[in-house]
Amino acid sequence: MHRFAPRGLLGNVNASFKALPVCLFLLLTARVQAAPPAAPKPGPARSVSGPSDAERYARRCQSQTAQRIARPQGTMLWGTKRSWDAEKPSDERTSVLVSVALDSPRQAEAGVKALRFEGGRLWAVPAPETGATASDVVGTVLQGTASDGKPVEVAICGAEPAADDPGRVFYRIEAWNAVAREWENPCVALDRSPAPRALAVGGVWDASGAHADAPDRVTFACENGAISKCILWGYAPWASRDGQSLAGLHQACTRLARADYCGNGRSHTRQDTTIDIYDRMGVLERATEVTREWDPAKGSFEAAWAPDGATCLSRTRDGRALDLILQECPGRFQPDTGNAGEASEHCTVRRGDVQPGAALLRNLSYGPAKADPARER
């Protein structure tokens, strides 16, 4: 899910591209490319009970295993794997890593007592006397948590400032896979992004897709997930525009990007779905010119969005019957008796518990598409 730019789905967003359409790659059925052959592993053989802390930390960030093939059957919020066991069915609202604690690192460079998050990047605490750099946190092992509440250790293996904004840093991370007993990139890979990185984002997202502030915790949002992509489109939650925070826009974007109409964390879209996003603050504007990826004349209004889901809905993005959405969240939407938006923004159903002005984002899409019966069962 990324505001489309000629260089690809995850290209940089700048002002000159803000009127281009968005190409969302949502249901990720991708082949993960293998990493280079593993180097010989030094040290004693592992016992049945697993390696010691010292041995485990010594093996971090060495690309010791090829990426597993991942075929998650749904769109991604965090952009992470749902489970370390690829053969085990798992809900789309689960993740092997949902957040990490910044205090009391399990392993850190000499003198580093904790990390702190500020302005799109992590900082070592205390800061080095010679001046802080993005690399100060590399090598740190933090205590993370999976969706099921189980602990998972996370190693920061690299820090790369973004080309368009040096204040925003991409991190290469590995998590300890307790099933395979080795370090592994928890981010789902795609052909176009075989070794995805992650952005650090303040707070925690739960299974329903709701965000909660947590000063001592951050989310590592992988490049192929909605949290990260909404930042790359221009909705960094730590940023502001004309004195107004973009945090609400970012959260509404995570709902829009996944077509999470009910605000319950469930997506209703398909891979390679092209849409156009625009907002009332002017961060992204409605496309007016035809491009290879988008024809404005063929697009039509789909929905308006608030941080907790859609506020009004014209039709579904993936072509399934609108009644199925209404059954998923009964009582949330009612038939629209008027049109409080623009003439081209007709809503079939609208929420009665919010005012029309609550919508922060809107989108167009091609449709209606033919529904997939398998997805309606």
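Let me start with residues 64–74, where pLDDT stays under 50. pLDDT is the predictor's confidence in each residue, from 0 to 100. For that stretch the model has 38 contacts beyond four places in sequence; a contact means heavy atoms within 4.5 Å. Residues 373–377 are also below 50, with 11 contacts in the model beyond near neighbours in sequence. Where pLDDT is low, the predicted coordinates should not be read in detail.

So, ground rules. This is a predicted model, so local features need pLDDT of at least 70 and side-chain atom pairs count only at pLDDT 80 or more, while totals for chains, interfaces and linings use all residues. Residues are numbered from 1 along each chain as its sequence is written, and side-chain values use heavy atoms, with hydrogens and water left out.

Now the overall picture. The protein averages a pLDDT of 82, and 78% of the residues score at least 70. It has 4 helices and 21 strands. Those are DSSP runs, numbered from the N terminus: helices are H or I with at least four residues, strands are E with at least two. Of the 377 residues, 51% count as buried. Buried means under 20% relative accessible area, exposed means over 50%, and partly exposed is in between, using a 1.4 Å probe and protein chains only. The accessible surface comes to about 16500 Å², and 52% of that belongs to carbon and sulfur atoms. Those areas come from the Shrake-Rupley method with a 1.4 Å probe; for residues, only the protein chains shown count as cover. Take contacts between residues at least 6 apart in sequence: 64% of them join residues at least 24 apart.

Next, strand β17, residues 300–306. Of its 7 residues, 6 are buried, so the strand is largely enclosed by the rest of the structure. Which strands does β17 pair with? One is β21, residues 361–365, antiparallel over 5 bridges. Another is β18, residues 309–313, antiparallel over 4 bridges. Pairing here requires that DSSP finds at least two bridges between the strands. A hairpin takes β17 into β18 through 2 residues. Look at W305. It stands opposite L361 in β21, and W305 also stands opposite A310 in β18.

On to the disulfides. A search of the whole structure finds 5. The cut-off is a pair of cysteine sulfur atoms within 2.5 Å. Number the bonded cysteines in sequence order and the pairing reads 1-2, 3-4, 5-6, 7-9, 8-10.

C187 and C222 have their sulfur atoms 2.1 Å apart. The link is left-handed, with -70° about the S-S bond. It joins distant parts of the chain, 35 residues apart: C187 is in the loop between β9 (182–184) and β10 (198–202), and C222 is in strand β13. Both cysteines are buried.

Second, C262 is joined to C329, S to S 2.1 Å. This link is left-handed too, at -60° about the S-S bond. C262 lies in the loop between α3 and β16 (273–279), and C329 in the loop between α4 (322–328) and β19 (333–335), so the pair ties together parts that are 67 residues apart in sequence. C262 is buried at 5% relative accessible area. C329 counts as buried at 10%.

Third, C312 bonds to C347, S to S 2.0 Å. These are 35 residues apart: C312 sits in strand β18, and C347 in the loop between β19 and β20 (349–351). Recall that β18 is the hairpin partner of β17. C312 is buried, with a relative accessible area of 2%. C347 is buried as well, with a value of 2%.

Where is it? In the loop between β13 (217–222) and α2 (226–232).

Last stop, helix α3. Of its 11 residues, 9 are buried, so this helix is largely enclosed by the rest of the structure. Among the buried ones are H250, Q251, C253 and R255. After α3 comes A259, with a positive phi near 55°.
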